[in-house]
Amino acid sequence: MSSAVSGARTSLTWLASLLVVLFALLSVGVLTGKTSAAPGLGLDLAGGRNIILQAITTDGSRIDPSDIAQAVEIIRKRVDASGVAEAEIATQGDTNIIVSLPGNPDQATLDLVRRSAQLQFRPVLLVGDPAPVTSASGTVTTSPTPTPTPAPDAVTGISPSPSPSASAAGEAAPAHEVANVKTRLSETTSATPSPSPAPADPPAPVTPTNPSDTAWITDALFAQYQALDCFDPANLTGVPVGDPDAGFATCDTTGSAKYILGPVELTGEDLDTASAGPRVNQLGNVIPGDFEVRLSFNGAGGTKFGDTTGRVSQLAPPLNRFGILLDGVVISAPSVNEAITGGQAQITGNFTLDEAQQLANQLKFGALPLTLEVLSEQVITATKGAEELRNGLLAGLIGLLLVVIYTIFQYRALGAVTIGSLLVAGGFTYATIALLSWGLGYRLSLAGVAGLIVAIGITADSFIVYFERVKDELREGRSLAAAVEHGWKRARRTILASDAVSFLAALVLYMLAVGGVRGFAFTLGLVTIVDLIVVILFTHPVLALLARTKFFGEGHKFSGLDPRQLGRDTMYKGRGRVAGPETSALTLAERKAAKARSAVDTQDKE
């Protein structure tokens with residue numbers, strides 16, 4: 001049993017260490033003025049900024065509902081990337097978009113919301129690993145280490161390119177390729193060559209002769225490229241689009257690669273539309289299970305695209321590729337080895353229908369002569385306010401009080417373990433939410449408060465399961481110390497299964513829902529994890545230590561673990577007999593002795 005005591009003390013030490021670290025970090029943030037002791041509140045509780053945007057076409061064309069939906073999706077990605085949580089984005093009528101941001105958003109976030117999407121076509125000059133490159137001293141290096149780039153597969157008129165979704169380790173992924181709809185003579189194939197490094201020596205400071213000239217890679221641009229971290233979500237959406245007449249370093253939208261690109265050669269104004277559909281071979285037959293994205297350029301755009309593809313098709317990889325950027329990040333980087341004239345092209349590869357449709361929507365939206373004008377911008381008060389928050393907290397307090405009363409009535413002194421566990425869980429949850437509010441911009445909405453209230457029941461349920469298992473072991477005649485260990489083994493499986501179901505439900509709800517419902521799901525999932533931590537690192541260890549005390553170990557009538565109160569006087573004796581009151585207080589050893597004496601008496605009579 002000494003090992004059980006040692007394990008219990010170790011668990012409590014770990015829990016205390018976790019709590020100290022959490023509150024120490026929060027204290028540092030409060031003392032340095034970077035955060036407050038209270039978690040940030042959502043739009044419904046703290047108010048915020050309301051912006052109404054109107055979508056307007058510069059050529060008077062009709063706005064399709066899918067265009068507005070794509071605009072909402074882009075704005076949502078921008079807001080999420082800026083770290084603002086609990087934002088509400090909705091449409092109003094056929095052309096208006098309402099964006100509600102909680103709290104007091106900074107100017108950079110407001111500019112992200114107001115900005116219209118910008119589609120650009122830039123030639124690829126360099127492709128590399130998504131991680132920032134640093135020297136042994138921790139500073140960014142100024143020259144790359146070259147590695148050979150595998151040659152692409154030879155296919156007539158088309159060259160496969162590395163997929164934007166390929167991992168940094170070079171895992172196989174679909175390749176995006178561009179083919180001329182009129183002159184394509186054979187099917188494309190996929191290949192995933194490793195990202196190409198920069199040249200061994202820094203580029204010479206000469207005047208570039210064309211957009212694909214590596215002279216665009218200046219020392220400053222190359223240093224920026226080396227320092228770029230494409231694992232940072234902030235670099236994957238809504239970044240500044242850069243100078244259209246200069247080189248540009250940016251990331252792939254999936255965060256799998258980073259690029260140095262040349263000047264802008266085409267924009268969304270040069271693209272008429274984009275669509276997705278089944279891929280068709282040169283004979284006009286549909287290839288089952290394969291999809292493509294079809295591009296249609298206007299007159300001027302078709303001419304520019306023909307010039308661009310004619311030039312890059314003569315260059316070695318990765319210079320034979322061009323990047324398609326939306327909001328400053330690469331959404332596709334197809335390659336080509338022949339001039340594509342006529343204004344019609346396809347992006348092919350191992351697309352699923354959803355992937356092809358998503359890329360087509362992004363291209364189509366970026367191609368629209370669509371601008372977002374601010375109709376109104378105003379500070380809004382809380383939609384729920386302090387009264388609703390106070391009522392929600394009061395409801396939680398009433399629920400907590402009822403749980404405390406029930407546990408004391410049902411478990412007597414053992415209920416103190418439940419109260420202590422709830423207090424520890426509350427402190428753990430508070431510190432975690434406050435830190436998330438500081439580090440990730442999380443804001444607690446009224447729906448999130450509801451999730452915290454539900455957590456009281458989840459936490460209490462775990463304790464009840466455990467205590468009832470211990471009682472079952474006591475009824476079977478075990479000592480309290482043994483009952484605690486055996487009861488924990490039986491209860492642990494039930495608690496893990498219950499918490500797993502709760503967490504899975506919260507995860508599914510979070511992934512499928514938006515707005516306040518996601519806040520509820522997030523807090524529900526968080527407190528489920530906290531419940532598991534507390535019951536393992538606090539409830540069980542504390543009960544294991546209390547089982548060694550005289551008050552609980554000897555089954556005091558107010559301990560909640562008195563064998564007489566647990567019904568041991570009706571223990572089954574076998575052959576249809578149960579123990580009577582005269583044997584209810586006997587220990588297990590006394591019962592065995594009595595049974596032996598009874599057997600001796602029977603033999604004497606015989």
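This is a predicted model: local features need pLDDT of at least 70, side-chain atom pairs count only at pLDDT 80 or more; totals for chains, interfaces and linings use all residues.
Residues are numbered from 1 along each chain as its sequence is written, and side-chain values use heavy atoms, with hydrogens and water left out.

Which helix gives the most to it? That's helix α11, residues 480-512, with seven residues. Val508 sits in helix α11, and Val508 is partly exposed at 40% relative accessible area. On that scale, buried is under 20%, exposed is over 50%, and partly exposed is in between, using a 1.4 Å probe and protein chains only.

Now, charges. Side chains of opposite charge can pair when their charged atoms come close. How many salt bridges are there in the whole structure? The search finds eight, taking a salt bridge as a side-chain nitrogen of Lys or Arg within 4 Å of a carboxyl oxygen of Asp or Glu.

Have a look at Arg49 and Glu377, whose closest N and O atoms are 2.9 Å apart in a salt bridge. Arg49 is in strand β1 (residues 48-57) and Glu377 in strand β14 (residues 370-380), so this pair ties together parts 328 residues apart in sequence. Arg49 counts as buried at 18%, while Glu377 is partly exposed at 31%.

Over in helix α10 (residues 446-475), Arg475 and Asp472 are three residues apart, about one turn of the helix. Their side chains meet in a salt bridge, 3.0 Å from N to O. Arg475 is partly exposed at 32%, and so is Asp472, at 25%. There's also a network of salt bridges linking Glu473, Arg478 and Arg490.

One more pair: Arg294 and Glu292 form a salt bridge at 3.2 Å between the closest N and O atoms. Is Glu292 buried or exposed? Glu292 counts as buried, at 3%, whereas Arg294 is partly exposed at 28%.

Arg279, in strand β9 (residues 271-280), is buried at 5%. Its side chain makes a polar contact of 2.9 Å with the side chain of Asp290. A polar contact here is a pair of N or O atoms within 3.5 Å; within protein, one must be able to donate a hydrogen and the other to accept it, and residues adjacent in sequence count only if both atoms are side-chain atoms.

Last topic, rings. The count is eleven aromatic pairs. Phe297 and Phe305 have ring centres 4.4 Å apart and planes at 20 degrees, so that pair is stacked. The rule pairs rings of Phe, Tyr and Trp (its six-membered ring) with centres within 6.5 Å; planes under 30 degrees apart are stacked, over 60 edge-to-face, the rest tilted. Phe297 is buried at 6%, and Phe305 is buried at 2%. Ring pairs also link Phe121, Phe297, Phe305 and Phe322 into a cluster.

Terms used
Helices (H or I, at least four residues) and strands (E, at least two) are DSSP runs, numbered from the N terminus.
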